[in-house]
Amino acid sequence: MKRIYFDHAATTALDKDVLEKMQPYFSRHFGNASSLHTFGQEARQALDKSRQEIANILNCDPLEIIFTSGGTESDNLAVKGPTLAAFRDKLISKPLHIITTKIEHPAILKTVKQLEKLFGFEVTYTDVDVNGLVNLSQLESEIKDNTILVSVMYANNEVGTIEPIPEISKIIQKYKGKRQKNGSKLPIYFHTDAVQAGGYLDLDVKKLGVDMLSISGHKFYGPKGTGLLYIKKGTKVEAINTGGGHENGLRAGTENIPGIVGLAVALKNAQESGDEIGKKVSSVRDYLIKNLTKKIDGVILTGHPEIRLPNIASFLIERIEGESMLINLDLKGIAVSTGSACSSGSLEPSHVLKALNYPPEKIHGSLRISLGKENTKEEIDYFLEVFPEIVDKLREISAL
Ligand SMILES: Cc1ncc(COP(=O)(O)O)c(C=O)c1O
């Protein structure tokens with residue numbers, strides 16, 4: 001059976017070119033980058049080169065890049081690192097305050113919840129509108145004198161909406177200035193989770209105006225278990241992974257050289273071909289959106305109609321269960337995902353779609369199609385051929 005992969009927001013296949021560049025570092029150049037001998041120095045060179053290449057893309061200093069095991073670890077370091085540093089520097093006069101959005105990935109939401117629960121942090125989960133966009137004036141009104149961190153994702157992984165990161169940065173800069181004038185020592189930092197943005201959006205940290213930015217390798221045809229956190233010089237961060245002095249003392253552990261080489265090659269490839277691939281992918285996505293909404297009644301497109309990633313199309317299919325759609329499509333060889341309850345073992349329907357104000361009965365019918373560079377309009381045609389039959393069959397037996 002022909003198999004079609006429409007789940008690139010979950011993960012992507014490793015590019016052949018990336019694998020080839022990684023391979024020598026598994027065996028021939030296997031050294032530990034901390035060793036002083038030639039084996040070690042070969043690994044060190046690869047590490048430094050990868051860091052420099054990534055710094056060129058992010059428009060930052062190589063020392064501002066901390067390699068991690070992926071988006072989740074980067075997000076954890078971005079949230080916990082500055083708050084631990086504030087404890088270390090004895091800057092706490094009242095509970096620290098963090099602002100984030102209701103639609104972040106659990107790597108952020110569960111991390112801030114942990115700080116809220118265990119250490120009494122105050123957390124504000126700012127609202128988004130029906131399209132998934134943060135409300136700038138609301139966010140500004142939520143900043144307080146004990147706010148240490150604002151974390152807003154660059155692009156949402158379920159609906160694809162792109163948040164106005166440079167505009168949010170301007171607001172934060174204003175507060176940084178106010179703090180300085182007031183003589184307050186407590187910093188206020190701006191972090192963005194750019195895990196879904198890699199390959200499609202500009203990652204220039206200066207243009208974005210962020211203090212920290214998370215990236216994950218496996219979302220743009222790089223290796224799983226690789227990622228990075230950009231940390232702007234001057235941002236006070238305490239390590240979460242303690243041990244050796246790796247990564248500027250901010251992330252102990254022998255560096256994953258093959259993974260880091262793969263991450264750098266994949267990011268370079270993705271950013272270089274991003275515009276071209278973005279155009280191709282968005283034309284396939286628009287073809288899907290146009291034809292799906294034409295072919296089936298009771299289909300709602302979620303996320304912002306224009307300010308969205310080129311590769312994500314997310315729908316609510318009325319009177320139907322997401323899991324049943326997913327399983328029936330899988331039987332036809334098509335891989336998609338759903339934010340309906342029970343997906344990924346969760347009992348709760350998607351927190352993102354809830355935050356966009358959709359009622360639970362509609363969220364049950366959630367369907368996310370996330371495209372990649374290899375998907376074609378012919379594959380969409382096949383999907384459009386088999387999907388209406390699945391919908392008819394499921395609606396006939398649906399209790400919704
Ligand atoms: C927006 C976002 N943040 C963080 C993560 C976690 O990244 P990783 O799988 O590399 O830990 C994901 C993964 O889906 C994501 O989509």
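How many salt bridges are counted between domain 1 and domain 2? The count is zero, where a salt bridge denotes a side-chain nitrogen of Lys or Arg within 4 Å of a carboxyl oxygen of Asp or Glu. The structure is a predicted model, in which local features need pLDDT of at least 70 and side-chain atom pairs count only at pLDDT 80 or more, whereas totals for chains, interfaces and linings use all residues. Residues are numbered from 1 along each chain as its sequence is written, and side-chain values use heavy atoms, with hydrogens and water left out.

The domain assignment places residues 4-11 and 274-397 in domain 1 and residues 16-269 in domain 2, such bounds being taken from an automatic or database assignment. The C-alpha centres of domain 1 and domain 2 are 29 Å apart. Contact (heavy atoms within 4.5 Å) joins 31 residues of domain 1 to 28 residues of domain 2. The area buried between the two domains, that is, the accessible area (1.4 Å probe) that two parts lose on being put together, summed over both, is about 2300 Å², with 57% of it given by carbon and sulfur atoms. Of the area that domain 1 buries against domain 2, 24% is supplied by Leu 309, His 351 and Leu 356, more than by any other three residues.

On the side of domain 1 that touches domain 2, at least two residues each are supplied by α8 (257-295), β10 (312-317) and α10 (351-355), with helices (H or I, at least four residues) and strands (E, at least two) taken as DSSP runs numbered from the N terminus.

The ligand is surrounded by 13 residues, the closest being Thr 72, Asp 193, Gln 196, Ser 216 and Lys 219, where a residue is near a molecule if one of its heavy atoms lies within 4 Å of it. A polar side-chain atom of Asp 193 is 2.6 Å from a nitrogen atom of the ligand. For Gln 196, a side-chain N or O atom lies 2.8 Å from an oxygen atom of the ligand, and for Lys 219 the corresponding distance to a ligand oxygen atom is 2.6 Å.

Across the whole structure, 20 salt bridges are found.

Definitions and conventions: A polar contact is a pair of N or O atoms within 3.5 Å; within protein, one must be able to donate a hydrogen and the other to accept it, and residues adjacent in sequence count only if both atoms are side-chain atoms.
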